[in-house]
Amino acid sequence: MCGIVGYVGKHKVKDILLEGLKELEYRGYDSAGIAVLQEDNFSFYKAVGKLDNLVQKTADFNPEGFAIGIGHTRWATHGKPTELNAHPHLGESSYVVHNGIIENYQEIKNRLLADGVRFLSQTDTEVIVHLFEKYLKSEPTPFDAFKKTLAELEGAYAVLLATKSLPDTIFFAKNGSPMILGLSEDNEKIFASSDAPLIGHAKDVLYLDDGEYGYVTPTELQLFDKNDKAVQPSLSALPTSKLSAQKEGFRFFMEKEIYEQSVVISDTFLGRIQDTGIHFEELDPALFDDINEIKLCACGTSFHAALAASYLFERYAKIRSSVEIASEFRYKEPLLMKDTLFVVISQSGETADSLETLKMAKEAGLKTLVICNVDNSSMVRLADASILTRAGIEKGVASTKAFATQMSVLWMLSLYVAKKRDTLSDEEMLHQLQSLREVPNSVKVTDTLHEKIRRLSKRYLHGHGFFFIGRDVFFPLALEGALKLKEITYLHAEGYPSGEMKHGPIAMADPDLITIALMPKHMLYEKAKSNVEELSARDSTICAISPIEFDKADDFIKTHQRDHYMLEFFEMMVALQLLSMEISVRLGNDVDMPRNLAKSVTVE
Ligand code: M6R
């Protein structure tokens, strides 16, 4: 996820910007840049890759005295990680940095292009600075031009803009992406995407709300709310630890990542869910021409996303779908047919086994598609096409938000293919799109849910094992629930299809066998219920997760009534993530860095 910093003051502007960007590295990025305005002179620097590259480029740039500056670390969403696409973006006399996605950028860009504006980058962000400069010519003040620009932007943004017309001012706006303003005792103003860069510089902070905007100068802070009303800034004290600031108030990165799923899923949807179908700007629809099968391949959590997706592709797009564990696929001498689209799913884009299968598919002449969280990763570079999940960097070794965004992309992709193959009625498509829009809401963690799971977790620290069971897409979700538990609690857990228990594992049933039963209302509820009753009759300890009260369960996590099973899927996913995390906490384990595991497995 992109990171933003900004500075107005008389101290070492370059150092403050670069140190701030360094503190934001944990958010993930693939390029970085800064722009500094002193009197009438803008200096700017950009570099691809690590921040050190930018540090080297700016080695001889050492401005002294009063300056304003803006800086950015970019996590590519529109256009490759290149210097031209890196922020800040330049107009004739102004610079902008932006975090988020401008959903209607193409429409604005077309208008500006028709006016003769020249664009240098492929980003959505660049429209902001050109729009501003257009209004600079017609509006009475630069601030009016900024307001007029904001009024046209749709989507999510945190924006900082500096212009030669007012060389002591930074304009700012926040809507859906994080931005904080820190104030020092010296009246310096420092902007950042999270607390960490402000620690050691600012005394008080202003956590901006969505829709707020304004400007700062050395002597002023003007703030307006979403109704354009001038408001008094409400300042708070800063946290003191940088690590805890990076965790943004959460105990663990995993916890933070569970809580931010709603936001990253919204980011993943931006510009993709349209009125009558799904649009992937990065996909050539011809990718699906002459394709009769989709083969999905992945490891670990990404494999579970692949397995769930195979149900969706067959159900909605009526296309044969098969799923492979990458480490197995490599050596099974598979038959690869040219009418198969080979889809690899990977958070990191670097997992050795998955990468090898991608190479095999390419060598066999198959069309390939990668669903990945990291642009410019080995897989993204190798595949014919890629769709980026927009989860931002995931620090917890146990994957949470990456899985959530993979499932979001895969559900969208199944509908995209369905449209292409004309397998859903217009009415059914609209229902699916409407349900998709509800996903960010379905994954919001409520205090009630978290507290309930925290209390329940104390009952699950012993026993001779866990079975997570579910049917249909809830079977891969059960696998994922069991993997989460294994990874961070080190307790034995298995995921199983509910209907398979009677074919063997039910022999283990006794009070020390804990069954976590996924019982969604809208997917085979009665069937799942019978399977759980069979276990309950044999005295297994049952924790049921369902929107429907179930009196045969020892424990019950009640989910909301939702009208699509996929929304139940997403809500149950959150409950499973929280359950593993709370058990792990009680066992005193390292939640973010469990023993024996690495975040990215680049060896066979
Ligand atoms: O980066 P990838 O998605 O390719 O990684 C695959 C697995 O190594 C990964 O999902 C692993 O299972 C996680 N630790 C799961 O939490």
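Visitor: Across the interface of domain 1 and domain 2, how many residue pairs are in polar contact?

Guide: This is a predicted model. Across that interface the rule finds two residue pairs in polar contact, both at pLDDT 80 or more. The count of salt bridges between domain 1 and domain 2 is zero.

Visitor: Which elements give two or more residues to the side of domain 1 that touches domain 2?

Guide: They are helix H3 (105-114) and strand S7 (155-163). By residue class, that side of domain 1 divides into seven nonpolar, seven polar and five charged residues.

Visitor: How is the size of an interface often given?

Guide: The usual figure is the accessible area lost when the parts come together. For domain 1 and domain 2, about 1300 Å² is buried between them, with 57% of it on carbon and sulfur atoms. In terms of contacts, 19 residues of domain 1 meet 15 residues of domain 2.

Visitor: Turning to salt bridges, what does the count come to by the rule?

Guide: The count comes to 28 salt bridges. One of the pairs is Glu 255 with Arg 251, whose side chains meet at 2.8 Å, N to O.

Visitor: Is Glu 255 buried or exposed?

Guide: Glu 255 has a relative accessibility of 6%, so it counts as buried.

Visitor: Which parts of the protein does the pair of Asp 555 and Arg 459 tie together?

Guide: Start with the contact itself: the side chains of Asp 555 and Arg 459 form a salt bridge of 3.1 Å, N to O. Asp 555 lies in strand S25 (residues 555-558), while Arg 459 lies in the loop between helix H16 (447-457) and strand S21 (465-470), so the pair ties together parts that are 96 residues apart in sequence. Asp 555 is buried, its relative accessible area being 5%.

Visitor: With which residue does Glu 260 form a salt bridge?

Guide: The partner is Lys 256, and the closest N and O atoms are 3.3 Å apart. Glu 260 and Lys 256 are both buried. Glu 260 also has a polar contact, side chain to side chain, with Lys 401, at 2.6 Å.

Visitor: Where is Lys 401 found, and is Lys 401 buried or exposed?

Guide: Lys 401 is found in helix H13, residues 401-421. Its relative accessible area is 1%; buried means under 20%, so Lys 401 is buried.

Visitor: What is the relative accessible area of Gly 200, and where is its place?

Guide: Gly 200 has a relative accessible area of 76%, and because exposed means over 50%, Gly 200 is exposed. The place of Gly 200 is in the loop between strand S10 (189-192) and strand S11 (204-207).

Visitor: How far apart are Gly 200 and Asp 168, in sequence and in space?

Guide: They are separated by 32 residues in sequence and by 23 Å in space, taken from C-alpha to C-alpha.

Technical notes. Residues are numbered from 1 along each chain as its sequence is written. This is a predicted model: local features need pLDDT of at least 70, side-chain atom pairs count only at pLDDT 80 or more; totals for chains, interfaces and linings use all residues. Side-chain values use heavy atoms; hydrogens and water are left out. Contact means heavy atoms within 4.5 Å. Buried area is the accessible area (1.4 Å probe) that two parts lose on being put together, summed over both. A salt bridge is a side-chain nitrogen of Lys or Arg within 4 Å of a carboxyl oxygen of Asp or Glu. A polar contact is a pair of N or O atoms within 3.5 Å; within protein, one must be able to donate a hydrogen and the other to accept it, and residues adjacent in sequence count only if both atoms are side-chain atoms. Helices (H or I, at least four residues) and strands (E, at least two) are DSSP runs, numbered from the N terminus. Ala, Val, Leu, Ile, Met, Phe, Trp, Tyr, Cys and Pro count as nonpolar, Asp, Glu, Lys and Arg as charged, and the others, Gly among them, as polar. Buried means under 20% relative accessible area, exposed over 50%, partly exposed in between (1.4 Å probe, protein chains only).
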